[in-house]
Amino acid sequence: MSPSLWLLPALPATAGALLIPVRRAAPALSVATAVATLGLAVHAVVTRPSATARLISGEGLAVDGLSAVMVVTVAAVGLAVLVFAAGERRSGRFHGLMLIFLGAMLATVTATDLVLLLMGWEVMGAMSYALIGYRWRDREHVRSGAVAFVTTRAGDLGLYVACGAALAGGGGLALAGLPGLPPPWRDLVAGGVVLAALGKSAQGPFAFWLSRAMVGPSPVSAFLHAATMVVAGAYLLMRLHALLAVTGWAAAVVAWTGAVTALLLGLVAVAQRDLKQLLAASTCAQVGFMVLAAGVSAVSGGAAHLVAHAAVKSLLFLAAGAWLAALGTKDLAGLHGAARRFPLVGVVFAVGAAALAGVPPLSLWVTKDAVLAGVGQPGLRVVAFAAGLVAALYAGKALAEVWRPADTAIATGTATGTATGAGAGAGTATGAERRASGGVAGAELLPLPVLALVAAGFGVVGLPAVHGWWSRLVGDPGAPGLTAGELALSGIPALALVTAAIAVRPGTSAFPYAGGVFGRWLGLERVARGVVWGPLLGAARWVAWFDERVVQGAVEAVARAGLGAARLAGSPFEAGLDDLVRRAGGAVRRLGGLARRPQTGQVHTYFAQAVVALVVLAVVFAIVR
């Protein structure tokens with residue numbers, strides 16, 4: 001047992017709370033805290049500590065193989081993002097919220113029971129609301145933060161159901177004991193976990209909240225998509241893949257949801273004209289592969305894909321943020337020539353986009369195939385393979401547009417056009433985001449080459465010499481290895497599609513912007529408002545009217561009737577009683593007046609009264625005898 005493990009989430013969370021009111025020194029203190037947190041994460045990976053505390057049923061934290069991978073990934077990406085944010089000179093409030101976010105994610109991935117998991121889970125949700133709506137004076141940003149918060153909260157209710165079912169089933173709240181619960185409690189726990197995980201990871205019908213999240217600052221988008229909240233659901237499903245498998249139905253639901261989300265949200269990404277919206281939709285699609293891995297128990301491939309995607313997506317979002325600050329636009333048509341104008345950012349963005357496309361020999365090419373290797377059902381494999389090809393389309397589109405010469409702006413887009421997401425903000429930067437100098441700060445560039453190296457090289461985990469070690473590390477020793485044929489089957493088409501996108505004739509677009517259902521994120525937010533939110537609000541209004549008019553009216557009517565009946569029944573009785581009391585009081589008062597008369601204060605009077613009394617007594621005594 002190592003009590004120091006509590007310091008891993010507590011250090012960034014506490015430092016973040018203290019930094020919120022700080023102004024000038026906040027960036028330096030934030031980066032220093034992130035460095036210390038990364039050091040603690042590495043130490044935890046080496047020592048594999050565990051710690052427990054008595055809250056309800058002996059809750060605790062522990063670092064095993066899978067969580068070891070996560071704590072290093074979360075801490076490393078957090079450091080990279082905070083270094084970038086320091087270059088942007090963000091406020092203490094921003095750095096403080098980001099550090100609390102980091103601490104909550106570290107608590108989530110190291111929790112060994114549902115209680116601590118739920119604590120970290122809830123803090124992440126609160127921080128996401130605060131960071132998405134960071135520019136709180138902008139009503140649209142606050143509204144987008146509220147949409148994201150309410151949507152994920154709807155899914156989070158599943159964790160409360162899971163906790164209740166686990167306790168009712170008598171198996172306790174430890175994650176390791178959940179697969180052993182008896183039915184139907186086991187199925188209720190699985191259903192709650194699946195609902196919460198899909199909501200947090202923006203899968204299936206929950207995907208639209210990630211479009212709303214794009215109004216937040218670019219470092220928030222990088223951290224949110226790469227290593228924290230969005231991947232938390234996929235991580236939880238991989239952590240509990242044994243529970244999904246033992247129920248049967250949960251594993252199938254998770255696998256198909258991940259595969260279909262990867263395909264459909266990939267098509268949504270192809271249709272976007274806003275770079276951040278494209279990257280957001282691609283996050284839903286790539287997380288879909290991780291969810292698919294959890295459904296088919298391909299934990300080795302899913303964990304590798306999670307780490308590689310964290311490097312790729314943080315790299316792409318930070319590069320997009322640098323261009324947004326320098327050029328003032330997120331619109332792809334307005335970003336023509338951006339990669340040529342800022343070559344270092346352009347080169348690392350090209351590495352990230354090529355990896356996202358699955359181009360050999362970069363990381364996601366290998367990790368995606370590692371996930372597909374665990375898919376045995378033919379239909380599911382076809383959908384997932386098609387999703388991989390679509391990834392080459394949207395990544396190739398982004399790469400082609402930012403490297404396209406600036407004088408070949410396509411007719412269908414404008415540099416100031418608005419995003420076509422489910423509720424995204426405009427394609428131009430706000431005053432808070434755009435840098436007056438029009439350049440990219442040196443501190444912003446520091447993490448990009450490192451992230452590019454990981455994005456390019458993490459595919460080594462698929463090599464035969466490394467694959468066995470990696471599989472044993474994450475607790476999936478039986479994971480199948482990759483063959484050259486499988487890698488070629490996905491790598492060659494991806495390379496061809498990206499090459500075609502880059503070679504398209506100037507003045508045209510290989511992938512025209514779409515304003516239809518895919519451009520609007522499948523209309524998921526509109527459906528959610530019409531099918532869920534609207535009826536709920538209507539029901540709430542009706543209940544409020546019923547409470548105010550019927551329930552409250554009935555209570556007030558009963559009270560008024562009771563008072564009236566009391567007055568009516570009490571008037572004659574109270575009047576008679578009052579008269580009787582008054583008469584008795586008057587008689588006593590008169591007797592008292594008579595009794596006071598003999599009290600003169602003169603001795604001879606008292607003596608005479610005594611004599612009379614004795615005479616009277618003597619007479620009475622004589623008569624009685």
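A: On a 1 Å grid over the protein atoms alone, a cavity is a set of points where a 1.4 Å probe fits but cannot get out, while a pocket is an open set with protein on both sides within 12 Å along at least five of seven lines; lining residues have an atom within 4 Å of a point. Grid points are joined across faces, edges and corners, and a volume is the space filled by probe spheres set on the points. This is a predicted model, in which local features need pLDDT of at least 70 and side-chain atom pairs count only at pLDDT 80 or more, while totals for chains, interfaces and linings use all residues. Residues are numbered from 1 along each chain as its sequence is written, and side-chain values use heavy atoms, with hydrogens and water left out.

Q: How many cavities of 30 Å³ or more does a search of the whole structure find?

A: Rolling a probe the size of a water molecule over the atoms shows where empty space is left. Here the search finds three cavities of 30 Å³ or more. The largest cavity has a volume of about 60 Å³, and its lining includes Ser300, His467 and Trp470.

Q: Which helix gives the most to the lining of the largest cavity?

A: Helices (H or I, at least four residues) are DSSP runs, numbered from the N terminus. H14 gives the most, with three residues. The lining has six nonpolar, five polar and no charged residues; Ala, Val, Leu, Ile, Met, Phe, Trp, Tyr, Cys and Pro count as nonpolar, Asp, Glu, Lys and Arg as charged, and the others, Gly among them, as polar.

Q: What is the volume of the largest pocket?

A: The volume is about 480 Å³. Of the 18 lining residues, the closest to the pocket's centre are Thr151, Phe208, Ala528, Val532 and Trp533. H23 gives the most to this lining, with nine residues.

Q: At what angle do helix H12 and helix H18 cross?

A: Two packed helices are described by the angle between their axes and the distance between the axes. Axes are lines fitted to C-alpha atoms, for helices over the stretch in contact, and angles run from 0 to 180 degrees between N-to-C directions. The axes of H12 (residues 249–271) and H18 (residues 378–403) cross at roughly 25 degrees and come within 8 Å. That makes H12 roughly parallel to H18, since angles under 35 degrees count as roughly parallel and over 145 as roughly antiparallel.

Q: How far apart are the axes of H3 and H10?

A: The axes of H3 (residues 65–87) and H10 (residues 229–239) are 11 Å apart, at an angle of about 165 degrees. H3 and H10 are therefore roughly antiparallel to each other.

Technical notes. Helices (H or I, at least four residues) and strands (E, at least two) are DSSP runs, numbered from the N terminus. Angles under 35 degrees count as roughly parallel, over 145 as roughly antiparallel, 65 to 115 as roughly perpendicular and the rest as oblique.
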